[in-house]
Amino acid sequence: MKLTCLSKGDGFQYPPCHILNLCGFRILIDCPLDLLAITIFSPVPCDVEASEYSSLDAQNPVQKKQKLEREMTPADLVCAEPWYKTVKALHLWEVSLIDVVLISNPMGVLGLPFLTQNPGFCAKIYMTEATAKIGQLMMEDLVSMHMEFRGFYGPEDSSFPGWMKNLDREEVPALLKKVVFGESGDDLGSWMRLYSLDDIKSCMKKVQAVNYAEEVCYNGTLVMKALSSGLDIGACNWLINGPHGSLSYVSDSIFVSHHAKSFDFHGLKGNDVMIYSDFSCLQSTELTENGCNSPDTATNSEKKDENLAASLLDTEESLEELEKLAFVCSCAAESADAGGSTLITITQIGIVLQLLELMSNSLESSSLKVPIFVISSVAEELLAYTNTIPEWLCKQRQEKLISGEPSFGHLKFIKDKKIHLFPAIHSPNLITSWQEPCIVFAPHSSLRLGPSVQLLQRWRGDPKSLLVLEDGLSSGLGLLPFRPIAMKILQCSFLSGIRLQKLPTLLSVLQPKRVLVPDVVNQRINLTEIKTNSILKYSENKTLRVPRITANPDVEIMAELASKLSWRKLRQRENFGIARLKGELLMKDGKYRLVSGLEQEESSGKARPLRHWGSVAPETLVDALLKMGITGSVEHSTGEDGSEDNRIIHVTNPSSGLIETSEMGTTIITDDENIASQIFQAIDGILDGI
Amino acid sequence: MAIDCLILGAGQEIGKSCVVVTINGKKIMFDCGMHMGCDDHNRYPDFSLLSKTGDFDKELSCIIITHFHMDHVGALPYFTEVCGYNGPIYMSYPTKALSPLMLEDYRRVMVDRRGEEELFTTTHIANCMKKVIALDLKQTIQVDQDLQIRGYYAGHVIGAVMVYAKVGDAAIVYTGDYNMTTDRHLGAAKIERLQLDLLISESTYATTIRGSKYPREREFLQAVHKCVAGGGKALIPSFALGRAQELCMLLDDYWERMNIKVPIYFSSGLTIQANMYYKMLISWTSQNVKEKHATHNPFDFKNVKDFDRSLIHAPGPCVLFATPGMLCAGFSLEVFKHWAPSPLNLVALPGYSVAGTVGHKLMSGKPTTVDLYNGTKVDVRCKIHQVAFSPHTDAKGIMDLTKFLSPKNVVLVHGEKPSMMSLKDKITSELNIPCFVPANGETVSFTSTTFIKATASDTFLKSCSSPNFKFSNSTQLHVTDQRTADGVLVVEKNKKSKIVHQDEVSEVLNEKNHEVSLAYCCPVKGKGESEDVDLIKELSEKITETVSGTQIHESGNCLQVGSFKGTLCLKDKCVHRSEISSSEGVFLCCNWSVADLELGWKIINVIKQNL
């Protein structure tokens, strides 16, 4: 098998992307979009106040980094209909040669229509049903938000993007160039114009949605299974079983989640190869102080195993997450108290759902009368959907559904008109129910698309208002067009993967025979102390070849076929039995199977052995021949080099013939067919054969 | 390796479904139901047949419940809380959600109606449900090292599954109750082609064959419409989940279309609550409902209201869905008592009624009076309408499923003996599959599939996938590619068997190959008559004529057919020449291996004739 990491991604929004070569099949894992990259574009201006830019923003992190550069202004941003940045290295692969696409979470779907729109695309796409549904909604939302740009800039007629023309000029800020051209300067080809609704539809038609832990078989050879990763609703890790062993793909995972079904350990245990593809640790600055304390794996008793698993499932981490959520809520309440509004632009659905629930609850218990708005073209459908998928939710929420309550609390608040859903900011009813201060959940987290842009432009000057952002956005170009900002800004970084210090424990629980770890992750943690696993390192845009673990694949022989075998005993080897096997080799559910073939009857007639081993002593042969009524005499001839290895038997009666025998073989020389077969029988009686 | 199928319930009857199957030593209990028509100890499956000591945990690997009907789940709290089974129990998410409602409802009815002592308490139900592990459709669950289970959509009621179980190489399917046609709110049963040793199928309608459902739906709607138009009250006794939703969707739709304002009532909070569940379990409903639900939830009925006891005697027409079905007890029976004497009224009975219930008495014949359980008699002057759509498959559906799955054996349960027997004959004669109809307490045994496992060498696998083209040229050129796996199985004591290519055998055995071949230097022609190359050509033409289907390679003074190799012999005296033939003339020195023994002689004969 071979693994090529095409992109290590960047956080929750931009998951990693790999190509895996397994059993001769090419498997693409995830097809994301780098949505942060669209921050190079200028948002659709809503008012004329774009000129109010003040250049004295000492907090600008951009300035700190590039002291030599002149400071970037909103005018530097590209004023054009945005294009979208896909995984660069993916374009170097011939699309028609991809056999399977596996998607591990809804963010991994976003770039898929770019791939499926290619006429050569013929791969089978697998994703969980929840991922398919949520992914589709997110893509549709993206397209609908993008429409605003189309409306503003008008249809673009040439296929060449005009905005790219001027970007290589000297005066263009380096930061912008870096995003557009990439670090190595060749990213230009990865920019694509956004797909249409039709593209999404035809893409989703090609998807085979799988249920939780459903086994699907590709081409009879690969059996794939999606197990929850805990990251978000519908997000999964993949387990692939083939004739050459088992492989698990571990994506960004969360062990204990308060919304999605928690990380599924059991299916991932004891695999031959594990691909660890959780790059989330690169997002955080936390370092593991003393490398790793490799858990003692000397005694691998059941109990020990459970203890280890339990240590992964400790609630400390998840409590921390709950605290973060509560903090966001309290901040929102605080600003509402002061008469300011809150804008929340978080993408992670699970987080949004939990925040909605928490906020409505806390608002209800307090005296504040602050409405909550969710403005998104897909909000209604998405919120309704999340209450119909118990199999993808955490235990507590499953229990809720089973006892007849909705799994997420928002339904009641929507009914009570505490939460208002609107498809767009210009929805007709929005203005009648609009009331400030309020709390608004609105996409998009890049702050370039969707209702968040208008709302930010509205509130940015209000020091009482609050903006809740995903981490990593403010340091880049994200807030540039909105500066100066008087608004309070709360950056949240929610847990979106496995904490690095838990990796050693995870490995000792799962006990994979081989682990593939990204080199960037490996640099941060010392894994050498883990003895039980062999660790291989992979890096972005390099192909790692992984040698096979199991020597030979298993074959299942149908009992029917096995009962027909004619066994041959071997001389001097009582422990052995050998038999000729003729049948049809099939591949089913990732296993070889040998069944009775068409030629079975035909072959049973030819029971004559075709391969022999051992050696023929001429004297024994002469004796054997004599018993059959054939007389012959042995003549020792000396070989050309003087060694005596060629012996000849002259056959005289009933007809003449010659038998030449050596260590290598025996030749029967005669023109008499009958004698020849009799001699052969005699030889066959002396040698072992099959 | 064997499969034993022990019938604890629903053998040659309907009620208390419970089948225990032992596959290669693993015991699995499918369903754990109670009999609705029995009051005595017969209402529960005879668990003592399973274990004399009562240590069920040791006996059973797991219990799987197919759906929430009482005759499939009714005995579960008794078995876990009273008999003390503590092992894993599996059921689908909807079944896990709805079973406790059904059990609690039934418990209340039993205690209220007959003043019977409680068979299980509310706490029992709650504790029992805690042991349940929920499963999703098609989710493959590894119960233990060997046992694998999976549920497929059965369509019978929301959350109903057919269960696939596999231990080692042996696999079975237990269908539970299923429906092969889509109805308004549920889809049809859906399963994939599987290799099965045994199929255990329900056979409620083993001889019935149903036509289209539309005339039956129309009939029902017209009957209800006629009743309410005449000022009568229509009573539809049904269980809270399943037919109630189906008929309600039908009526609600009809009411909209015909603009009827007569109220439709649901008797108990249970049904309202059930509708709430349906809304959340939308992924288990039919495709049609699933697609619509984003815009309008079809379980939000526009015309349906909650029923109040005081409304029984209220004037004016109405439609009432009352629990339980079959008029076996409770509220529906109470309403029946009041409404049955009026000829204006209607009782529409959906689905199957178990023998012994009032529903069953109404359906069989046209009684004018009916005995209620406590001895009171009721005059029946109202109209009786049997709603002939049932969520069970008909005989054709059972045959279709059996044919599709093509199992090695079939066992029929959950049916009435005479019709089961005729279906058994049909399966045996038409599909040629052995079929069994065991009674309660009987065990049927089967041998199961086993595979012999071996590791295969790469050379063998490669040789299997190398093409084996055959050309036949009768009228048109036919090319066939029948790849046969040709290998050698090597078995060594206490070691895993190996499959190797024939060339590898000696290597595996640590022996040296010894090639046995034949040779003969054959006279071809007299002295110096023609060029050598022409001679080879001439010979190969001759060989093609006589020996069909061979490919001859010629090169210089050689020709080769398979392992047969002939070279024009230049030696004056060749050891391969027989003594009689003189050294005069042209000789072809031939050599071939034993694999081509016959072929070699054929060619020699051709050459000899040519001489």
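Which residue is the bridge partner of A:Met558 in S23(B)? In this predicted model, that partner is B:Phe451.

**View 1. Strand pairing between chain A and chain B.** Strand S24 of chain A, residues 554–558, runs antiparallel to strand S23 of chain B, residues 451–456. The two strands are joined by five bridges, among them the one that links A:Met558 to B:Phe451.

**View 2. The contact surface between chain A and chain B.** Chain A contributes 80 residues, which are in contact with 76 residues of chain B. About 6,900 Å² is buried between the two chains, and carbon and sulfur atoms give 54% of this area. On the side of chain A, the residues that lose the most area to chain B are A:Ile402, A:Trp613 and A:Asp671; together they account for 9% of what that side buries.

**View 3. A salt bridge between B:Arg150 and A:Glu215.** The side chains of these two residues meet at 3.5 Å, N to O. This pair belongs to an interface with a count of eight salt bridges between chain A and chain B.

**View 4. Polar contacts and the chain A side of the interface.** Between chain A and chain B, 32 residue pairs are in polar contact, with both residues at pLDDT 80 or more. Strand S26 of chain A, residues 573–588, gives the most to the side that touches chain B, with 12 residues. By class, that side of chain A has 36 nonpolar, 19 polar and 25 charged residues.

Terms used:
Residues are numbered from 1 along each chain as its sequence is written. Chains are lettered from A and ligands numbered from 1 in the order in which they are written. This is a predicted model: local features need pLDDT of at least 70, side-chain atom pairs count only at pLDDT 80 or more; totals for chains, interfaces and linings use all residues. Side-chain values use heavy atoms; hydrogens and water are left out. Contact means heavy atoms within 4.5 Å. Buried area is the accessible area (1.4 Å probe) that two parts lose on being put together, summed over both. A salt bridge is a side-chain nitrogen of Lys or Arg within 4 Å of a carboxyl oxygen of Asp or Glu. A polar contact is a pair of N or O atoms within 3.5 Å; within protein, one must be able to donate a hydrogen and the other to accept it, and residues adjacent in sequence count only if both atoms are side-chain atoms. Helices (H or I, at least four residues) and strands (E, at least two) are DSSP runs, numbered from the N terminus. Ala, Val, Leu, Ile, Met, Phe, Trp, Tyr, Cys and Pro count as nonpolar, Asp, Glu, Lys and Arg as charged, and the others, Gly among them, as polar. Two strands pair if DSSP finds at least two bridges between them.
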